[in-house]
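Welcome! Here is a short briefing on a protein model, covering its salt bridges, its cores and its surface. Keep the structure open as you read.

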Amino acid sequence: MSGSASEVVNFAIDTPVSDVDMEERPLLSKLLEVTEYKEKYHEYLQQIITGYFSDGKFEQKIDSLNNLISSYMENDPSAFYTYDEYKTSIVELKKLGALRAESIQGQLDGTIPSTTEGQQADSSKLIDCSSINLTALGSQGGGNSMGPTGESPNQGEFPNQGEFPNQGEFPNQGEFPSGGEFPSGGNMPNQGDKPNGNKKDKN
């Protein structure tokens with residue numbers, strides 16, 4: 001997960017881009033300039049907050065998924081993280097989701113600046129994220145690539161050193177069956193005739 005905890009939690013809803021300016025995303029910029037579209041976008045965000053975060057569905061979903069996979073995580077010999085680290089990440093994920101929802105709600109209400117420029121001008125209204133430990137949530141692209149012993153399984157290589165079976169060749173050296181020829185020398189059946197030898201109608 002990239003960025004600081006504050007950048008993730010307080011990500012501006014009305015300049016929803018990272019590492020670029022809105023001018024570099026002209027389609028998105030033009031859409032948000034249309035009041036009708038921007039209001040509809042805000043309505044969808046409000047639906048997510050009200051229907052998924054405020055009523056506890058977010059935490060319920062995490063708990064449900066955790067119940068499904070926790071035993072496998074605990075007994076996985078090739079896991080990227082220890083089971084204790086996994087359990088810590090569950091707690092941090094719930095906190096992150098709750099604070100992100102709080103920030104979005106504040107931006108929709110107008111109590112928190114909803115643009116990057118506005119947040120840079122007045123950061124005092126941003127959600128305090130000092131309690132969030134983003135490193136506990138791992139990193140994108142396969143965690144820390146380390147197993148419990150400190151080594152990545154197979155040292156990060158694909159089976160057979162990343163080669164395809166038979167050294168990357170297709171069966172029969174990439175040729176079609178029978179030398180690459182189609183049946184009957186590549187001609188259409190009956191040379192385009194209808195069954196019983198009748199020619200195709202011109203019309």
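Let's start with a pair of charged side chains: Lys 57 forms a salt bridge with Asp 55, with 2.7 Å between the closest N and O atoms. A salt bridge here is a side-chain nitrogen of Lys or Arg within 4 Å of a carboxyl oxygen of Asp or Glu. The model is predicted, so local features need pLDDT of at least 70 and side-chain atom pairs count only at pLDDT 80 or more, while totals for chains, interfaces and linings use all residues. Residues are numbered from 1 along each chain as its sequence is written, and side-chain values use heavy atoms, leaving out hydrogens and water.

**Salt bridges**

- By this rule, the count comes to 7 salt bridges.
- Lys 57 counts as partly exposed at 40% relative accessibility, and Asp 55 counts as partly exposed at 37%. (Buried means under 20% relative accessible area, exposed over 50%, and partly exposed in between, using a 1.4 Å probe and protein chains only.)
- Asp 14 and Lys 38 also meet through their side chains in a salt bridge, at 3.7 Å from N to O. Asp 14 lies in the loop between α1 and α2 and Lys 38 in helix α3 (residues 35-53), so this pair ties together parts that are 24 residues apart in sequence.
- Is Asp 14 buried or exposed? At 9% relative accessibility, Asp 14 counts as buried, whereas Lys 38, at 30%, counts as partly exposed.
- Lys 30 and Glu 33 make a salt bridge at 3.8 Å, N to O. Both lie in helix α2, 3 residues apart, which is about one turn of the helix. (Helices, H or I with at least four residues, and strands, E with at least two, are DSSP runs numbered from the N terminus.)

**Nonpolar cores**

- The largest nonpolar core has 9 residues, including Val 9, Leu 96, Leu 99 and Ile 112. (A nonpolar core is a set of buried Ala, Val, Leu, Ile, Met, Phe, Trp, Tyr and Cys residues joined through side-chain atoms within 4.5 Å.)
- Which elements give two or more residues to this core? They are α1 (5-9) and α5 (83-109).
- Apart from this core lies another, of 5 residues, among them Ile 13, Ile 49, Ala 101 and Ile 104.

**At the surface**

- Leu 27 is found in helix α2 (residues 26-33) and, at 64% relative accessibility, counts as exposed.
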